[in-house]
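Reader: Hello! Could you walk me through this structure, one step at a time?

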Amino acid sequence: MGTTDRVSLPFHQGWVMVIAGVFTLFACLGLGRFALGMLLPAMGTDLQLSYSEMGFISTGNFIGYLFSVVISGRLSQMLGIRATIFCGLMLVGLSMLLISQSQHFIPLLILYLLTGIGTGLANIPVMVLIAQWFYPSYRGRAAGCMIIGNGMGIVLSGLLIPWLNHQW
């Protein structure tokens with residue numbers, strides 16, 4: 001097959017992007033943002049965090065998300081939409097990996113702020129990307145299908161986190 005040959009799919013190529021978007025939202029929002037509420041009680045107990053500190057961690061995550069929502073459009077113009085999504089997902093993954101090793105309040109606060117930034121950098125541009133792949137008459141359906149990733153992340157977190165808490 002030459003470099004100019006294209007594989008013909010039996011469906012619109014945009015649906016492949018929707019599936020990629022499902023996994024993007026699963027990772028960034030389902031695991032990176034919505035799982036925090038289930039993680040905080042055990043984290044607070046294990047690390048002897050006060051309710052105020054846990055509240056600051058949650059607020060830091062939200063502030064990071066809010067900040068990235070404001071800058072994601074401009075950053076997408078500079079880096080490109082796909083690169084911005086990639087950077088956001090990498091930031092979510094790396095910060096969550098470091099969160100798992102963190103033992104103190106300040107590092108947790110900073111890392112959850114970074115997780116929040118990553119979730120916004122992945123979430124907002126992926127919605128824009130889907131809009132570019134579909135005619136206006138199909139955009140709502142495509143975006144609605146993509147939002148399934150949020151629910152999948154919440155459900156998996158709801159099953160996995162209590163099990164993990166019980167294991168350790």
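Author: Gladly, and let us begin with one residue. Asn 61 is buried, because its relative accessible area is 3% (buried means under 20%, exposed over 50%, partly exposed in between, with a 1.4 Å probe and protein chains only). This is a predicted model, in which local features need pLDDT of at least 70, side-chain atom pairs count only at pLDDT 80 or more, and totals for chains, interfaces and linings use all residues. Residues are numbered from 1 along each chain as its sequence is written, and side-chain values use heavy atoms, with hydrogens and water left out.

Reader: Which helix holds Asn 61?

Author: Helices are DSSP runs of H or I with at least four residues, strands are runs of E with at least two, and both are numbered from the N terminus. By that numbering, Asn 61 is found in residues 51-79, which is helix α3.

Reader: Which residues is Asn 61 in contact with, leaving aside neighbours within four places in sequence?

Author: Contact means heavy atoms within 4.5 Å. With those neighbours left aside, the partners of Asn 61 are Gly 32, Arg 33, Leu 36, Tyr 112, Leu 113, Thr 115 and Gly 116.

Reader: How many helices and strands are there in the chain?

Author: From the N terminus on, the elements run α-α-α-α-α-α-α. The C-alpha atoms fill a box of roughly 60 × 35 × 35 Å along the principal axes. The count is 7 helices and 0 strands.

Reader: At roughly how many degrees do the axes of α1 and α4 cross?

Author: Axes are lines fitted to C-alpha atoms, for helices over the stretch in contact, and angles run from 0 to 180 degrees between N-to-C directions. The contact is made by Met 17, Thr 24, Ala 27, Cys 28 and Leu 31 of α1 and Arg 82, Ile 85, Leu 89, Val 92 and Met 96 of α4. The two axes come within 10 Å and cross at roughly 35 degrees.

Reader: Is Ser 76 buried or exposed?

Author: Ser 76 is found in helix α3. Not counting residues up to four places away in sequence, Ser 76 touches Ile 81, Thr 84 and Pro 125. The C-alpha atoms of Ser 76 and Pro 125 are separated by 7.0 Å, although the two are 49 residues apart along the chain. With a relative accessible area of 12%, Ser 76 is buried.

Reader: What is the relative accessible area of Ser 102?

Author: Ser 102 lies in the loop between α4 and α5. Beyond residues up to four places away in sequence, Ser 102 touches Leu 47, Pro 107, Leu 108 and Leu 111. Ser 102 is buried, because its relative accessible area is 9%.
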